[in-house]
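Subject: Structure handover and notes

Dear colleague,

Please find the structure below, with the sequence alongside. My notes on helix packing, aromatic pairs and a few single residues follow.

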Amino acid sequence: MTRLDTAIMQSKQSKPYYHKIILDLLVQLTTSGKYRSLKALKQSGDKLTAEQKETLKSYTDSIILLLELGMAFHEIKQFLVNKKAQLG
């Protein structure tokens with residue numbers, strides 16, 4: 001089981017649908033909105049670039065830490081969207 005899966009399951013805020021919406025958020029942030037879901041990315045056949053893989057790792061690590069801090073999904077999403085907007 002990955003660290004992200006574990007963090008989601010152990011989160012006090014966790015809901016049954018958290019796993020999917022967090023993965024979809026990661027895809028949206030990593031692809032700059034080109035894909036809205038992991039399913040859409042997989043169906044496209046596109047592969048992530050090296051830069052996108054680094055971005056994905058960074059966002060994943062951030063989500064894990066924010067879940068461990070007890071943040072709810074809507075707080076995590078707002079934090080990451082704001083951070084992305086600041087970075088350009």
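In these notes, buried means under 20% relative accessible area, exposed means over 50%, and partly exposed is in between, with a 1.4 Å probe and protein chains only. The model is predicted, so local features need pLDDT of at least 70 and side-chain atom pairs count only at pLDDT 80 or more, while totals for chains, interfaces and linings use all residues. Residues are numbered from 1 along each chain as its sequence is written, and side-chain values use heavy atoms, with hydrogens and water left out.

Helices and strands are DSSP runs numbered from the N terminus (helices H or I, at least four residues; strands E, at least two). Contact means heavy atoms within 4.5 Å.

Helix α1

Helix α1 covers residues 3-10, and L4, A7 and I8 in this helix are buried. These residues span an arc of only 100 degrees around the axis, which puts them on the same side of α1; the arc is that of the directions from the helix axis to the C-beta atoms. M9 and Q10 are exposed on the other side of α1. The partners of the buried α1 residues are α2 and α4 (50-68).

Helices α2 and α5

Two packed helices are described by the angle between their axes and the distance between the axes. For α2 (residues 18-30) and α5 (residues 73-87), the angle is about 5 degrees and the axes are 12 Å apart. Axes are lines fitted to C-alpha atoms, for helices over the stretch in contact, and angles run from 0 to 180 degrees between N-to-C directions. The two helices are therefore roughly parallel to each other (under 35 degrees; over 145 is roughly antiparallel, 65 to 115 roughly perpendicular, and the rest oblique).

On the α2 side, Y18, I21, I22, L25 and L29 meet F73, K77, L80, V81 and K84 of α5. By class, this contact has 8 nonpolar, no polar and 2 charged residues. Ala, Val, Leu, Ile, Met, Phe, Trp, Tyr, Cys and Pro count as nonpolar, Asp, Glu, Lys and Arg as charged, and the others, Gly among them, as polar.

Aromatic pairs

Rings of Phe, Tyr and Trp (its six-membered ring) pair if their centres lie within 6.5 Å; planes under 30 degrees apart are stacked, over 60 edge-to-face, and the rest tilted. This rule gives 2 aromatic pairs. The ring centres of Y17 and Y18 are 5.9 Å apart with planes at 65 degrees, so this pair is edge-to-face. Y17 is partly exposed at 48% relative accessible area, whereas Y18 is buried at 5%. For Y18 and F73 the centres are 5.9 Å apart and the planes at 55 degrees, so this pair is tilted. Y18 lies in α2 and F73 in α5, so the pair ties together parts that are 55 residues apart in sequence. Y17, Y18 and F73 form one aromatic cluster.

Single residues

T60 lies in α4 and is buried, with a relative accessible area of 16%. Not counting residues up to four places away in sequence, T60 touches L4 and L26.

E54 is also placed in α4, but is exposed at 54% relative accessible area. The C-alpha atoms of E54 and T30 are 9.0 Å apart, at a sequence separation of 24 residues.

D24 belongs to α2 and counts as buried, at 10% relative accessibility. Neighbours within four places in sequence aside, D24 is in contact with R36, S37 and L38.

Regards
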